[in-house]
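Subject: Structure handover

Hello,

I am passing on the structure for you to look through. Please open it alongside this note.

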Amino acid sequence: MPQPFCTLGGLRDVESFRRYLAEHRIDIPCDEELISGAASPLAQPLDVGRTKVGNRIVAHPMEGWDGTRDGRPTELTFRRWERFGASGAKLIWGGEAVAVRHDGRANPNQLVINDHSRVDLSRLRETLVAAHKRAVGSDAGLIVGLQLTHSGRYSRPNAHDRPEPKILYHHPILDSRLNIPTDYPVLTDHQVKEIIEDFYKAAVVAAQAGFDFVDIKHCHGYLGHELLSAHTRAGEFGGSFENRTRFLREVAAGIRAASPSLSIAVRLSAFDTIPFRKDSSAEGVAESTDGLLPFRWGFGVNAENPLEPDLSEPIKFLSLLRELDVQLVNISAGSPYYNPHIQRPASYPPSDGYSAPEDPLMGVARQMRITRELKQQFPELVVIGSAYSYLQEFLPYVAQAAIREGWTDCVGVGRMMLAYPSLLLDVIQGRTLQRKLVCRTFSDCTTAPRAGLPSGCYPLDPHYKNSPSATELKKVKTQDKDK
Ligand SMILES: Cc1cc2nc3c(=O)[nH]c(=O)nc-3n(C[C@H](O)[C@H](O)[C@H](O)COP(=O)(O)O)c2cc1C
């Protein structure tokens with residue numbers, strides 16, 4: 001049976017939370033008291049190249065599955081970006097994943113960047129900036145990027161329930177999960193080069209739309225991330241570390257040539273584990289690796305025991321980023337498709353997930369520890385940490401301690417941004433925290449899009465809670481339970 005874990009909402013105060021961490025030997029830093037005003041660690045400015053970012057709060061990219069069929073934003077998209085702006089975060093990491101071409105969309109509602117959507121993307125950015133100014137009085141120190149993606153193995157450009165994978169190699173576990181036959185074609189080197197060109201063409205559009213940087217996405221199982229684990233691929237983009245990072249180097253070179261003023265950032269799944277699945281009691285278990293060792297289909301995993309991270313290649317990757325003058329790095333892990341407990345620890349699994357095989361706090365602690373190790377090795381990079389939302393009301397105490405003690409430069413906020421965007425701004429501005437707005441990680445923001453519905457905070461945000469999509473979502477969840 002899945003094990004019950006401590007319900008954080010049931011802990012009386014931060015002292016009880018600190019005691020729980022100590023008793024369970026979970027290494028997460030946590031302050032006893034919050035500091036507001038200019039002395040708040042969260043309010044400290046940060047130099048990124050010649051730019052000063054106004055505080056340490058980052059809005060992670062959070063897709064809404066709510067664009068038009070031709071890849072443009074809708075009212076829901078504008079509303080989400082407005083809330084990102086009003087959150088007070090001074091570093092907006094991409095807004096959301098935006099596909100560089102139609103066949104690389106993760107769903108038919110993902111935004112697409114091209115000449116056709118330039119004006120809309122520019123309006124999205126302006127909406128965010130205006131909301132930010134209204135919330136905090138000025139856009140000084142506000143940096144806004146756009147996350148560029150190709151969904152690779154997880155492409156579903158035409159129908160939410162019709163996968164049209166673009167794979168770089170055959171994966172012994174993921175292929176069978178996705179019903180990919182052994183003779184399914186892998187992308188050719190020529191096709192990868194076309195995608196590289198799409199990335200730097202997209203960057204030109206992003207610069208024209210006023211964005212300060214683009215993120216060349218290398219996380220969560222999508223194309224950039226899959227390239228890093230293409231050990232078994234032949235040709236220019238597989239095998240050696242040099243080949244597996246050729247995509248990054250060529251995209252970066254193309255962007256530098258075409259848009260010299262645009263900064264480049266990378267979001268990275270810095271470690272991974274093998275894919276997990278539901279067992280008969282719905283708990284998550286690792287897929288068998290019998291006959292698959294050494295494991296040659298992962299990045300940042302120990303090939304002899306792929307349940308464990310191995311940071312030697314991620315460290316080489318960060319050295320490469322430094323060489324390429326890419327200073328902004330957002331550290332994430334794994335994938336929401338095949339090991340969500342690693343990537344976004346949660347109290348309740350999404351519809352395609354499984355009950356947590358570990359205390360979700362262990363998942364938070366793992367991402368924090370690895371982010372800290374990487375930050376220590378690369379003090380000159382600006383490092384953003386992920387996976388804080390599970391901490392719920394204790395997020396601000398942990399965020400403050402993590403920044404104060406140098407575990408990370410900035411704290412990225414994902415799911416909490418959908419539920420309670422101004423949580424950390426409230427700390428800086430000395431306002432009482434609103435417990436009723438705290439994200440409880442029900443995973444409806446993931447379950448809804450798995451059913452072809454827009455993402456959003458269905459339990460807490462009235463805009464979604466009272467929408468027709470909420471009724472649909474309830475039906476889907478009941479059907480799932482009855483299965
Ligand atoms: C609904 C939803 C949408 C997301 N969209 C993106 C995305 O577009 N790009 C990305 O890199 N990560 C995306 N993520 C991952 C988050 O940015 C973040 O890494 C993750 O939720 C863990 O952080 P948290 O604990 O603060 O939620 C998404 C996550 C969720 C739940």
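Below is what was found in it, by topic.

This is a predicted model, in which local features need pLDDT of at least 70 and side-chain atom pairs count only at pLDDT 80 or more, while totals for chains, interfaces and linings use all residues. Residues are numbered from 1 along each chain as its sequence is written, and side-chain values use heavy atoms, with hydrogens and water left out.

Nonpolar cores

A nonpolar core here is a set of buried Ala, Val, Leu, Ile, Met, Phe, Trp, Tyr and Cys residues joined through side-chain atoms within 4.5 Å; buried means under 20% relative accessible area, exposed over 50%, and partly exposed in between (1.4 Å probe, protein chains only). The largest such core has 116 residues, and Phe17, Ile28, Ile113, Phe247, Phe317 and Leu361 have the most contacts inside it. Helix H5 (residues 189–208) gives the most to this core, with eight residues. Helices (H or I, at least four residues) and strands (E, at least two) are DSSP runs, numbered from the N terminus. Another core, of 13 residues, lies apart from the largest one and includes Val48, Trp93, Ala265 and Ile384.

Leaving out residues up to four places away in sequence, Leu361 touches Leu8, Phe17, Tyr20, Leu21, Ile26, Ile28, Tyr390 and Leu391; contact means heavy atoms within 4.5 Å.

Helix H12

Nine of the 10 residues of helix H12 (residues 395–404) are buried, among them Tyr397, Gln400 and Ile403. Their cover includes helix H1 (14–23), helix H11 (360–377), strand E14 (410–413), helix H13 (415–419) and helix H14 (423–428). Just after H12, Gly406 takes a positive phi of about 75°.

Backbone points in loops

Asn179 lies in the loop between helix H4 (174–177) and H5, and counts as exposed because its relative accessibility is 67%. Gln392 lies in the loop between strand E13 (382–385) and H12, and counts as buried because its relative accessibility is 2%.

The peptide bond from Leu293 to Pro294 is cis, with omega near -5°. Pro294 sits in the loop between strand E11 (284–286) and helix H9 (312–323).

Regards
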